[in-house]
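I opened this notebook to record how the parts of the model meet one another. The entries follow the order in which I looked things up.

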Amino acid sequence: MVSVVYEAPASVQDAVALLSGAEITATVLAGGTDLIIQMQGLVNESRLLVDLKKIPAMMEATLDAEGLQLGPCMSCAELTSREDIKSVYPGLIEAAYLIGSTQIQGRASVGGNLCNSSPAADTVPALIVNNAQCVIVGPSGERSIQVEDFATGVGQNCLEKGELLSLIRIPLPAANTSDAYLRFIPRTEMDIAVAGAAVSITLDDDGICTAARVSIGAVAPTVLVVAKAAEVLLGTKVDVQALQAVAEAASKASSPITDRRGTDEYRRHVVGVLAKRAAAIAAERVRGIQS
Amino acid sequence: MSEAREYKYIGRRTIRPDGFDKVTGRANYGADLSLPGMIWGKILRSPYAHAVIKSIDSSKAEAHPDVMAVVTYQDYPAVSSGGFEPGDGPTDLCDLARNILADDKALYHGHAIAAIAARTEAAAEEALSLIDIDYEVLPPVMDVADAMQPGSPVLHEDLFTKGLAEQPEKASNIATRMELKKGDIEAGFAAAEVIIERDFYTPTVHQGYIEPHATTVRYDEDGQSMIWCSTQGHFDVRASTAKLLSMDLGKLKVIASEIGGGFGGKTTVYLEPVALMLSKKSGRPVKMVMTRDEVFRASGPGSATRSTVKIGAKKDGTITAMQAKLCFEAGAFKGSPMGPGCMTVFTPYDVENIYIEGYDVVVNKPKVAAYRAPGAPQAEFAAEMVINELADELNIDPIELRLQNAAKEGTQTVYGPKLKAVGLVECLEAAKNSPHYKQALAENQGRGLAAGFWFNIGGQSSVIINMNPDGTGTIVEGNPDIGGSRASMQLMAAEELGIDVSKLNPIVADTEHVPYSATTGGSRTTFATGMAVIEAAQDVVRQMKERAAAVWNVTVEQVDWSDGVAINTAGEDRLTAAEICQGADRTGGQISGRGNINARGAGPSFAVHLCDVEVDMETGKTAVVRYTAIQDAGKAIHPGYVEGQYQGGAVQGIGWALNEEYIYNEDGVMENAGFLDYRIPLASDLPMIDTIIVEVPNAFHPFGVRGVGETGIVPPLAAVATAVSDAIGVRMTNLPCSPPRVLKAIQDTA
């Protein structure tokens, strides 16, 4: 028999205490959109579920001069309805908007997307290009880590026993900066990325790229940062040639597998197309800010 | 047949009588019945695609405190191999028995091996792991081409190819070879100035009905039994289950629940005979519900096919010869729709010289079941692709080429009859005149057109119309309603009786309350059951007139019936239906009409579809941007549901053409057994599917009805694949036209 113990602590400290003191497998419950499906396969295993949604800070998002302090459990539906956040990080919001269906978005969260640690997680490339940081709290205190260092493999991450993701901190972008995220799926919605790419771009007053970050998903065991793809944009006007170089660099950096969602060859090609197109969209958004 | 007849009800878009229950969630589907004392059944399924079952030890499971029964193949009375026609086509009883629970071999991944009934669903699930099975794993045979090779592993040692000149000495995977011919094929090709020959592949696909198979059953101490289930044909569930458990039909009542889609896939049994045996052994009502994973792995998909089509024509467009070799996967047991595939492949064309050979081949996949016009989409896909290529080669418009060679009244079919009046030419003309065909294409867009044919069937249907004392009526039929047929029955009864639809309630009765009615399949219900409704209504009218005649003391011949009112032609008297029913106690008792028929003369339905796509040349992704489905309905009883059938067929065909396929690993295990990775189209993937209803009446139906449910899935495969080919400049011969396959085609020619 499977028995499930459900706890809904009111503070991060209580949650940490429950997780670190658990004698059976303990799992954090955010929206549960991945977890409930994973638990359907359980036989003869008991679980402690620690629901973090009763902790107010986990459900809030604050945008100020420091940037965005995002409670990891805030639902994607709530996040994507925040026009103030969307105007600053349009790529992150479009990534959150791609997860599941409207109904799923009422439960799914960015923190859950991150902690599930799938290489196909839509919000992760968008977090990475925005230099987002994970704040992790555990029995021995608090630590911070860049989002790109959080996942360590397919479904694996750096959280130790008793630790939880308590906050996602995203710095305010530099002036004349914007981002974009694109994913490829064979249909139009409710699917898992065959490949994904996020790009952040800063342009100077002459339209020359002075900073960029490129991150690609679903083409390696973890979401990747592609420094080379960002480098080729620097000093350019994000023209056709530069975009082609972004595509090539992104494809080259990928190491995809063949599975039911696509062949390695196909993913390698498509991730380049996505990186190129996302870069073009991000640059266009900056030009929109400038004009 | 009265073309001049003015209809009062037929052709109206009434609200469907089952609508309120469905949108409020009140409708009861297969999994919605629970009974006092009920326990749960679960099935242990083969983890191997092909294996010998050396032994089954269920002793540990039987010792489990919550387990109340374990059932294997051994629990059933022995059945002998032989033809038996329970549902949508003949079934070998022995194969049916071995499909619901394996005998000595597991023939596909997910094949049912044993079943357990336990106090709770979780306990049943858990106890499955207590059954020990000793398997000897064999190499799986996963493709029709491999299965036909002489050295291939053989699934059934007792399967010898039928249809050969000499009975073969060795068993093989080829169950049947079939040949159809007309004229002189060699002379036909000799007369041709252009010949095109191409190979095609279509993958294994699932009907994708949203409601999984589900049943609740009860086997009582006296052997009187009840099955509640989601099915297209409860009389055939009764027939199959009674045969497998060796019961009298009268001992078994089957109630068809509301049905959440079938498309041919719910014309056979999987759970019902297993659940009933579990109930018999445990003495408890038993409920079984398949998971989506089980539906994909173990219920009948549609056949994968490999085919070759060769067509020859003169430069003026006259087709002189058509030849096809069609190889259909049957799944684990013989009986693919290869036959209908051969019969339909070239039927849209009036051509003198035709040669078709078909192969029915077993492979280690689930036994295929009917899927909307079974066999025709795969076969006609190949033919229509070659016709379109021929049109390009000859520089003739594809509609003109088809018009020039179109089947029409008097065309000799390759399978036997001459066609009566049919509507292919009318559909082609409608396509030619449609705004869609005149619209210019944008960059990276392509257009495809294809025709399609399906026979449609008639068969046995039974209807009782019970008139109530207030003049309202209940239409009692025996056909589960999968496409809005209750609304059609209501309209036809209203028309014939002259009583408003709001006063007539159509219901689908169980096997005890209406005589045998053949399965809802073959697009037969509105045609055949409709004819039974008309006959029952006429029976009611006849009795009404008799009663009125008795009241007025005139002869029946002196009574007219108009708009639900009896009229005394010898005087001024009038009696409404309500008045006659109210007075029925004084004129001979209550009134009910019956129509128990075996309908002949089903009219074939032809269709022409137009599809525009836009292809992302960098990713190979296809978007359907415009689609028009044109089809002959004979007479549209309820135009809204006729259009719904056209649209539904088109959408399933678009899914088949673009993304749907069973993906197997090298061990023969399906890797995408869920709707996340088995990609049927979503609403957001599609434009509005435009429809044009063509009406060329079927002379054998009082209102001119032709079945419309199936033909609509026939043209889309070629219409979509041709549109993609047109957009990218490469002919797509293998389905699905998924993004990786399309991108590869683009890259290979760049």
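How many residues of domain 2 of chain B are in contact with domain 3 of chain B? I found 20 residues of domain 2 in contact with 19 residues of domain 3 of chain B, where contact means that C-beta atoms, placed from the backbone, lie within 7 Å.

I noted that this is a predicted model, in which local features need pLDDT of at least 70 and side-chain atom pairs count only at pLDDT 80 or more, while totals for chains, interfaces and linings use all residues. Residues are numbered from 1 along each chain as its sequence is written, and chains are lettered from A and ligands numbered from 1 in the order in which they are written.

**Domains of chain B.** I looked up the bounds, which come from an automatic or database domain assignment: domain 2 comprises 33-138 + 211-260 + 266-298, and domain 3 comprises 305-456 + 603-749. Their centres, taken over C-alpha atoms, are separated by 36 Å.

Helices (H or I, at least four residues) and strands (E, at least two) are DSSP runs, numbered from the N terminus. Helix 9 of chain B gives the most to that side, with 5 residues.

**Chain B against chain A.** I recorded 19 residues of chain B in contact with 18 residues of chain A. Helix 21 (739-749) of chain B is one of the elements supplying at least two residues to the chain B side, and helix 21 gives the most, with 3 residues.

Key. Contact = placed C-beta atoms within 7 Å.
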